[in-house]
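Please keep the sequence and the model at hand while reading.

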Amino acid sequence: MLADGLVSFGFDCRVFQRPAALLVALAESQPLAVLLDDAGLESGLAMQELVQRLSRIGNWPMVLLSGSQTIVSQIQLLRAGVSDFIAKPCDASKLADRLDALLENNEPVPYRVLVVDDSVASGHWAQKMLEQSGMQAKHIQDPLEIFLWLQRYKPDLVLMDIYMPSYTGDEIARIVRQHPQYDGLPIVFLSTETRLGHQLSARRMGGEDFLVKNNDVEHLISTVTIVADRYRRLRRALTRDSLTGLLSHTHFTNRLQSELFLATQSNRPLALAMIDIDHFKHVNDNHGHLTGDAVIKSLARLLRHAAAEPDLVGRYGGEEFCVILPDTSLIRAAQKVDEWRERFTAISHIAPDARFTSSFSAGVAVFEPGMTVRDLIEQADQGLYRAKEAGRNQVGLAKMPGQR
Ligand SMILES: Nc1nc2c(ncn2[C@@H]2O[C@H](COP(=O)(O)OP(=O)(O)OP(=O)(O)O)[C@@H](O)[C@H]2O)c(=O)[nH]1
């Protein structure tokens, strides 16, 4: 039952009744996580033994659904290799959320730092130190290129030299701060300047912190880590819809704007899909609002995993989603969205009183030179309208290829 629920949230699940069968399967395939239910085994000792054997085979997160473990047996299980406990009773929605969080923490995305420094030597030094500590870093010498790289590289933090030949770091920081989408982006100044007065005035100009160049590698790494982590958490809370974890309307539109800029620069195609769950009002009316929420979450999860990058998906409205498909032609985008549609219709949703399936309609449009974000969204919306008009559960195009 729980496994069926996880499948409906987009996870690929296999259930094993006997430990031996699980061990054989794990020798052949690499799961993202192993979920163990302590109801299946008679004694805590048997569970501990099983966990030890599993952790000798592989290094996946091991989650124990536990009803009656004491603190002492939980500690023993932690030592044996369990990574997380989830208390029973637990429904599929809660479990899917915990798994998502666990898998995200398990594969942390490295912080991305943009280093702006006219000096090749010190810029490379900072880049190298950051990379050696597991971060991603990009050094640029020309501060006037900063907006290009903010768009292209999407850093979590900018490390900015204060004294550059034509412009100072605090001047560049003030210009960056004029743009609302970079208002909260942390800028840490780097300088040979050690006088406190200068450091404070640079911070007043929009710098998050101030580091002395080539001084203390540990200080550099820990400052960047702390500031970038705080920014990521804040950005996550501000930009995401709380039900689905997807970008909310405004932030999705900002992302689309920057993807259009990149598509224009690189002269590559870009498609946009607008997706709307069919007859969603009936889902709420027949099965309740909470079940409706679970359906929204299952589609969100499917799209997040299907898209080239999770942040290319936005929750555009209540039961309406948008997906950016970079480097994708109109026909290819329509094919992809149709595959997602088929996968969504195959999901069996669970309501307290019944099982049911759902479907979505989608509109797909492709970016053409001269189009604004609004034009592109309107085109995709027209495609969606056509799909709904034509009977729903299908993908529509605003106009046929070649049609003007
Ligand atoms: N459960 C739940 N329902 C929502 C949420 N946001 C919007 N809705 C509901 O979604 C429904 C959207 O209904 P309509 O726009 O009339 O469309 P529809 O019933 O999906 O029908 P078509 O789009 O024409 O196929 C409304 O009943 C809203 O109350 C949400 O976050 N959770």
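## Salt bridges and a domain contact

Glu378 and Arg374 form a salt bridge, their closest N and O atoms being 3.8 Å apart, where a salt bridge is a side-chain nitrogen of Lys or Arg within 4 Å of a carboxyl oxygen of Asp or Glu. The model is a predicted one, in which local features need pLDDT of at least 70 and side-chain atom pairs count only at pLDDT 80 or more, while totals for chains, interfaces and linings use all residues. Residues are numbered from 1 along each chain as its sequence is written, and side-chain values use heavy atoms, with hydrogens and water left out.

Both partners of this pair belong to helix α15 (residues 373-389), where they are four residues apart, about one turn of the helix; helices (H or I, at least four residues) and strands (E, at least two) are DSSP runs, numbered from the N terminus. Glu378 is partly exposed, with a relative accessible area of 44%, whereas Arg374 is exposed at 63%, given that buried means under 20% relative accessible area, exposed over 50% and partly exposed in between (1.4 Å probe, protein chains only).

In the whole structure, a search finds 15 salt bridges, and the table lists some of them.

| Pair | Closest N to O distance |
|---|---|
| Glu378 and Arg374 | 3.8 Å |
| Glu259 and Arg255 | 3.0 Å |
| Lys154 and Glu259 | 3.7 Å |

Asp311 counts as partly exposed, at 22% relative accessibility.

Glu259 and Arg255 lie in helix α11 (residues 249-266), four residues apart, and both are buried. Glu259 also pairs with Lys154, and a network of salt bridges links Lys154, Arg255, Glu259 and Glu309.

The domain assignment gives domain 1 (2-106), domain 2 (112-239) and domain 3 (247-397), with bounds that come from an automatic or database assignment. The C-alpha centres of domain 2 and domain 3 lie 36 Å apart, and their contact (heavy atoms within 4.5 Å) takes six residues from domain 2 and nine residues from domain 3. Together these two domains bury about 660 Å², 57% of it on carbon and sulfur atoms, buried area being the accessible area (1.4 Å probe) that two parts lose on being put together, summed over both. Gln151, Lys154 and Thr239 supply 69% of the area that domain 2 buries against domain 3, more than any other three residues.

Between domain 2 and domain 3 the count is one salt bridge. On the side of domain 2 that touches domain 3, the elements giving two or more residues are α7 (146-153) and α10 (217-239), and α7 gives the most, with three residues.

Elsewhere, Ser191 is found in strand β7 (residues 187-191) and is buried, with a relative accessible area of 1%. Leaving aside its neighbours within four places in sequence, Ser191 is in contact with Ile162, Tyr163, Phe210, Leu211, Val212 and Lys213.
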